[in-house]
Amino acid sequence: MKTESIGRRLMTASEISARVIELAPDLLQGMAPDDLANVLQAATLRRYPARSIIANEGHRADEIFLIIQGRARTFTITPKGERVLLLRIPAGDPSGGRALLARPAEYLVSTEAVTDCSVLVWNRSSILFLTKQFPILLENALMIASTYFAVLRDLLVAASHHTASERIAQVLANLSREVGRKGFEGTVVNISNEDLANEANVTIFTVSRTLNQWQRKGLVVKRRGQVVLRSPEQLVG
């Protein structure tokens with residue numbers, strides 16, 4: 001396995017294998033140990049610092065990525081140049097799935113590291129060769145695509161039938177489960193008003209007003225770039 005270092009020491013091959021087994025990524029589910037070792041051997045390990053771009057929308061989809069440490073997210077740019085956040089990518093999730101297509105394609109969205117990330121990267125020729133050797137990789141990729149479609153369905157339903165405060169509450173509840181950390185006052189979620197507004201499909205003013213109302217009720221504590229949830233269940237109850 002090749003490594004491309006940006007900053008501090010990269011993981012060893014044995015550490016990577018242990019981390020992948022710990023995460024049990026959906027992309028690699030159902031693989032025999034020897035087959036998994038072959039797939040990992042074909043990858044390059046890279047480090048991306050927080051806020052760096054992993055893949056660019058509109059660029060040729062020549063690589064597929066698997067986050068094994070850190071968090072990333074996808075976004076798109078509107079015709080007016082506005083940036084819209086789309087999906088969170090926690091450790092264990094892939095990005096750049098269009099590299100799996102037999103016909104060359106472009107990335108539909110950009111991927112950005114939210115925190116410092118360690119990422120396994122397969123170039124397109126390698127991953128296409130591996131899918132011929134191990135068809136389960138394509139089956140897993142189709143299941144992941146189906147899951148993303150379900151997320152899109154839920155977002156459309158929420159936008160049509162849920163109030164703004166319900167959408168904000170659901171985003172915070174999801175974040176508290178996925179990336180929240182326990183603190184003295186409650187569960188701490190690192191997110192700005194702008195990012196929360198994008199994810200909940202509401203305005204920044206609506207987010208600010210709603211958080212202020214919840215803070216007065218003692219449900220949350222709002223700080224710069226953080227929301228502390230004292231009782232996530234009450235927000236979505």
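Two strands count as paired if DSSP finds at least two bridges between them. The legends below describe close-up views of a predicted model.

**View 1. The open sheet built from β3, β8, β5 and β6.** The sheet has 4 strands, in the order β3-β8-β5-β6, and their pairing is antiparallel. At the edges stand β3 and β6 (83-89); each has a single partner strand, so one side of each is left without a neighbour in the sheet. From one strand to the next, the twist averages 35°.

**View 2. The pairing of β5 with β6.** Strand β5 covers residues 72-77 and is joined to β6 by 5 bridges, the two strands running antiparallel.

**View 3. The largest nonpolar core.** This core holds 25 residues, of which V20, L28, V39, I68, L120 and W122 touch the most other members. At least two residues of the core come from each of α1 (13-23), α2 (33-41), β4 (63-69), β9 (117-123), α3 (124-133) and α4 (136-161).

**View 4. The surroundings of I68.** With neighbours within four places in sequence left aside, the contacts of I68 are M11, I16, R19, V20, L23, L45, A91, S118 and L120. Two of these contacts, V20 and L120, are listed with I68 among the core residues that touch the most other members.

**View 5. Backbone at A24 and R51, two residues with positive phi.** Most residues other than glycine have a negative phi. A24, not a glycine, has a positive phi of about 50° and is placed in the loop between α1 and α2. Its relative accessibility is 37%, so A24 counts as partly exposed. R51 also has a positive phi, near 75°, and is placed in the loop between β2 (44-48) and β3 (53-55). R51 counts as exposed because its relative accessibility is 54%, and the cut-off for that class is over 50%.

**View 6. V179 and its contacts.** V179 lies in the loop that runs between α5 (164-178) and β10 (181-182). Apart from neighbours within four places in sequence, V179 is in contact with R71 and V188. V179 counts as partly exposed because its relative accessibility is 26%. S52 is 127 residues from V179 along the chain, and the C-alpha atoms of the two are separated by 19 Å.

Conventions: Residues are numbered from 1 along each chain as its sequence is written. This is a predicted model: local features need pLDDT of at least 70, side-chain atom pairs count only at pLDDT 80 or more; totals for chains, interfaces and linings use all residues. Side-chain values use heavy atoms; hydrogens and water are left out. Buried means under 20% relative accessible area, exposed over 50%, partly exposed in between (1.4 Å probe, protein chains only). Contact means heavy atoms within 4.5 Å. A nonpolar core is a set of buried Ala, Val, Leu, Ile, Met, Phe, Trp, Tyr and Cys residues joined through side-chain atoms within 4.5 Å. Axes are lines fitted to C-alpha atoms, for helices over the stretch in contact, and angles run from 0 to 180 degrees between N-to-C directions.
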